[in-house]
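Please look over the chain shown below. The report that follows describes its helices, their packing and a few individual residues.

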Amino acid sequence: MTSPLIEPTPEPALSVPAGRWSHMAPISFGTALKRGLRRRCPRCGQGSLFKGYLSMADHCSNCELAFEPYRSDDVPAYFTILIVGHIVVPGLLAMEKTMHPAEWVQLAVWLPVTLFGTLALLPFIKGAVIGAIWRSKQDK
Ligand SMILES: [Zn+2]
């Protein structure tokens with residue numbers, strides 16, 4: 001017979017059913033942002049946020065958080081353009097000023113950097129934006 005004073009051992013955080021997440025300590029904005037940046041669920045950090053390159057999963061496979069209410073729209077594209085632009089434009093100007101290469105060389109260098117930089121960053125920035133949106137709605 002067990003004593004009524006002994007409380008049951010709490011479950012590990014990652015196996016808590018979805019309805020019980022609201023009773024857990026709030027997740028910081030930075031943590032939600034980092035989890036999103038890793039393309040993971042901002043609430044548990046385990047389930048994948050995406051089912052494809054940029055298409056969102058319906059819900060977290062670990063904690064069942066529904067991702068549908070969190071729409072990032074064009075914000076990830078704006079941040080991606082901002083970051084890639086701050087790499088490409090100074091790089092192009094510096095290359096022009098120091099080496100003054102032919103135009104085809106500038107194009108051969110900076111068009112692929114722009115294209116692949118954008119394609120590489122966009123899904124991670126979209127995840128970070130979703131994490132930030134999710135966290136910002138937790139305070140309401
Ligand atoms: Zn989750």
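Not counting residues up to four places away in sequence, glycine 36 touches Pro42, Leu49, Gly127, Ala128, Val129, Ile130, Gly131 and Ala132, where contact means that the C-beta atoms of two residues, placed from the backbone, lie within 7 Å. The model is a predicted one, in which local features need pLDDT of at least 70 and side-chain atom pairs count only at pLDDT 80 or more, while totals for chains, interfaces and linings use all residues. Residues are numbered from 1 along each chain as its sequence is written.

Glycine 36 lies in helix α1, and with 27 C-beta neighbours inside 10 Å it counts as buried. Here a residue is buried if 20 or more other C-beta atoms lie within 10 Å of its own, exposed if 12 or fewer, and partly exposed in between, with C-beta atoms placed from the backbone. Glycine 36 and isoleucine 133 are 97 residues apart in sequence, and their C-alpha atoms are 10.0 Å apart in space.

## The chain as a whole

The secondary structure comes to three helices and zero strands, and along the sequence the pattern reads α-α-α. Helices (H or I, at least four residues) and strands (E, at least two) are DSSP runs, numbered from the N terminus. Of the 140 residues in the chain, 20% are buried. Among contacts between residues at least 6 apart in sequence, 56% join residues at least 24 apart.

The UniProt annotation "transmembrane region", from an unreviewed entry, covers residues 75–95 and 107–134; such annotations may be inferred rather than shown by experiment, and their positions are given in the numbering used here, with feature names shortened. In the model, residues 75–95 are 100% helix and 0% strand, with end C-alpha atoms 30 Å apart. Residues 107–134 are likewise 100% helix and 0% strand, and the end C-alpha atoms of that span are 39 Å apart.

The axes of helix α1 (residues 29–37) and helix α3 (residues 103–136) come within 6 Å and cross at roughly 150°. Axes are lines fitted to C-alpha atoms, for helices over the stretch in contact, and angles run from 0 to 180 degrees between N-to-C directions. Helices α1 and α3 are therefore roughly antiparallel to each other, given that angles under 35 degrees count as roughly parallel, over 145 as roughly antiparallel, 65 to 115 as roughly perpendicular and the rest as oblique.

The axes of α2 and α3 come within 8 Å and cross at roughly 155°. That makes α2 roughly antiparallel to α3, and α2 passes α3 in a right-handed crossing. The residues of the α2 contact with α3 divide into 15 nonpolar, six polar and two charged. On the α2 side they include Ile87, Val88, Leu92 and Met95, and on the α3 side Gln106, Trp110, Val113 and Thr114 are among them.

Two residues illustrate this contact. Valine 88 is found in helix α2 (residues 75–98) and, leaving aside neighbours within four places in sequence, is in contact with Trp110, Val113 and Thr114.

| Residue pair | Apart in sequence | C-alpha to C-alpha |
|---|---|---|
| Valine 88 and threonine 114 | 26 residues | 6.7 Å |
| Glutamine 106 and methionine 95 | 11 residues | 8.0 Å |

Valine 88 is partly exposed, with 17 other C-beta atoms within 10 Å, and glutamine 106 is partly exposed, with 16.

## Positive phi in the loops

Most residues other than glycine have a negative phi. Arginine 39, in the loop between α1 and α2, has a positive phi near 65°, and histidine 100, in the loop between α2 and α3, has a positive phi of about 45°. Which of the terms buried, partly exposed or exposed applies to histidine 100? Histidine 100 is exposed, with 9 other C-beta atoms within 10 Å, whereas arginine 39, with 16 C-beta neighbours inside 10 Å, counts as partly exposed.

Key: A crossing is left-handed if the near helix is turned anticlockwise from the far one by less than a right angle, and right-handed if clockwise. Ala, Val, Leu, Ile, Met, Phe, Trp, Tyr, Cys and Pro count as nonpolar, Asp, Glu, Lys and Arg as charged, and the others, Gly among them, as polar.
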